[in-house]
Amino acid sequence: MVGKVLKPQQQQQPLLTPYKLGKFNLSHRVVLAPLTRQRSYNNVPQPHAILYYSQRTSRGGFLISEATGVSETAQGYKDSAGIWTKEQVEAWKPIVDAVHAKGGVIFCQIVHVGRVSNTGFQPDGQAPISSTDKALTPISSGEDIAKFSPPRRLRTDEIPQIVNEFRVAARNAMEAGFDGVEIHGAHGYLIDQFLKDRVNDRTDQYGGSLENRCRFALEIVEAIVNEIGADRVGIRLSPFSDFMEAWDSNPEALGVYMADALNKYGILYCHMVEPRIINAIEDGECPESHSLLPMRKAFKGTFIAAGGYGREDGNEAVAENHTDLVAYGRWFLANPDLPRRFELNAPLNKYDRSTFYTSDPVIGYTDYPFLEDNGNA
């Protein structure tokens, strides 16, 4: 039987128009969102990641790596990637090379999870560090329960050391060949633990006022800009999210303050998560008045929106100038040729949530099919 021939849409979709991201010439605006995959055994990226990232690379496409730990205290998930050792840097090189070989651009997302951890992940079984000493509530998922150890509040004089860990991680990312770094300031991890007033109960210069709570994040931005250049730096923020019990009493004020403050450093982009993504796992209910538009207007660089987008509303967001680029997670995972499928308005593979965080090097990782006419190249 002869298969149906799919043809590109007559009118070019906004998502598929070129965009100049600083020095990088993108051929389309469909971004691979950072996706934790838990397949970096012993925190070292593995050869199977070469295929995973290569599959999702198109010429002129922009990819953001899975969240990558900045130090041995940054870990909170089994087999998550790191970039603080020479071995890890060397392991990233062929992955980055594979993306570049297909004409893609890739940034390394760097992270410290803070209190989203337990003593089993920490060196010498020490307590996880945070902005606070308030512990997280255990999370039950089926038969598994994620246990979090009570964190240790960072002393004021320890904070520069953590800032330096981010700086060194950024330098390591450059050594590995990445085109830049994205600072993970979202979803309840360490930076977000400083930003959000529900978590941050400090009384020093890193707590209390909005300016003080944003100080840690901006010190990290400044250190990394000084290390690798503003044109290679982005940041991800989720002011409206309450994932890992990190929410703020005035998320719009927080988002706008950060967006405006970032302009001082001239960073390449600001990547924000839509208000509808409440807990970072499923779409939630959020007042219609909540919007990323004030942040979009406040930030002078490239703006990336993420969170629950499909083809149609992604095109609409770009067409209405609500964002410059749109990051796709679950759909890009399940459809390694997602920009091509958007171009042809082809059916999308369904994602299998049960395999998101398994350690298998193939299943739920590199086995999602391509369109027949595109090939698994």
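Colleague: Which backbone nitrogen does the side chain of serine 65 reach?

Modeller: Keep in mind that this is a predicted model. Serine 65 sits in the loop between β4 (62–64) and β5 (68–69). Leaving aside neighbours within four places in sequence, its contacts include Phe107, Cys108 and Gln109. At 3.0 Å, its side chain reaches the backbone nitrogen of glutamine 109.

Colleague: Is serine 65 buried or exposed?

Modeller: Among the residues in contact with serine 65 are Pro34, Leu35, Tyr53, Trp92 and Phe178. The relative accessible area of serine 65 is 0%, and buried means under 20%, so the word for serine 65 is buried.

Colleague: How many disulfides are there by this rule?

Modeller: A disulfide is a covalent bond between the sulfur atoms of two cysteines. For cysteine 108, the closest cysteine sulfur is in cysteine 270, and at 18 Å that is too far for a bond. Cysteine 270 has its closest cysteine sulfur in cysteine 214, 12 Å away, which is also too far for a bond. By the rule used here, the count of disulfides is 0.

Colleague: Are cysteine 108 and cysteine 270 buried or exposed?

Modeller: Cysteine 108 has a relative accessibility of 0%. For cysteine 270 the relative accessible area is 0%. Values under 20% count as buried, so cysteine 108 and cysteine 270 are buried.

Colleague: Which residue forms a salt bridge with glutamate 227?

Modeller: Glutamate 227 lies in helix α5, and its partner lies in helix α3, 60 residues apart. The relative accessible area of glutamate 227 is 31%, so it counts as partly exposed. The closest N and O atoms of the pair are 2.7 Å apart, and the partner is arginine 167.

Colleague: Which residues are linked with Lys86 in a network of salt bridges?

Modeller: Start with glutamate 175 and lysine 86, which form a salt bridge with their closest N and O atoms 2.8 Å apart. This pair links helix α3 (residues 159–175) to helix α2 (residues 86–101), distant parts of the chain. Lysine 86 is exposed at 53%, while glutamate 175 is partly exposed at 39%. In the network, Lys86 is linked with Glu90, Lys93 and Glu175.

Colleague: How many salt bridges are there by this rule?

Modeller: Another example is arginine 153 with aspartate 133, whose side chains meet at 3.2 Å, N to O. Arginine 153 is in strand β10 (residues 152–153), and aspartate 133 is in the loop between β7 (129–130) and β8 (139–141). By this rule, the count of salt bridges is 19.

Colleague: How far apart in space are tyrosine 357 and arginine 37?

Modeller: Tyrosine 357 is in the segment after α10 (338–344). Not counting residues up to four places away in sequence, it touches Thr36, Arg37 and Gln38. Tyrosine 357 and arginine 37 are 320 residues apart in sequence, yet their C-alpha to C-alpha distance is 5.4 Å.

Colleague: What is the phi of asparagine 42?

Modeller: Most residues other than glycine have a negative phi. Asparagine 42 lies in the loop between β3 (30–32) and α1 (48–55), and it counts as exposed at 67% relative accessibility. Although asparagine 42 is not a glycine, its phi is positive, at about 55°.

Note on methods
Residues numbered from 1 in each chain as written. Predicted model: local features only at pLDDT ≥ 70, side-chain atom pairs only at ≥ 80, totals over all residues. Heavy atoms only, no water. Helix = DSSP H or I, 4+ residues; strand = E, 2+ residues; numbered from the N terminus. Buried < 20%, exposed > 50% of the residue type's maximum accessible area, 1.4 Å probe, protein only. Disulfide = S-S within 2.5 Å. Contact = heavy atoms within 4.5 Å. Salt bridge = Lys/Arg side-chain N within 4 Å of Asp/Glu carboxyl O. Polar contact = N/O pair within 3.5 Å; in protein donor to acceptor, adjacent residues only side chain to side chain.
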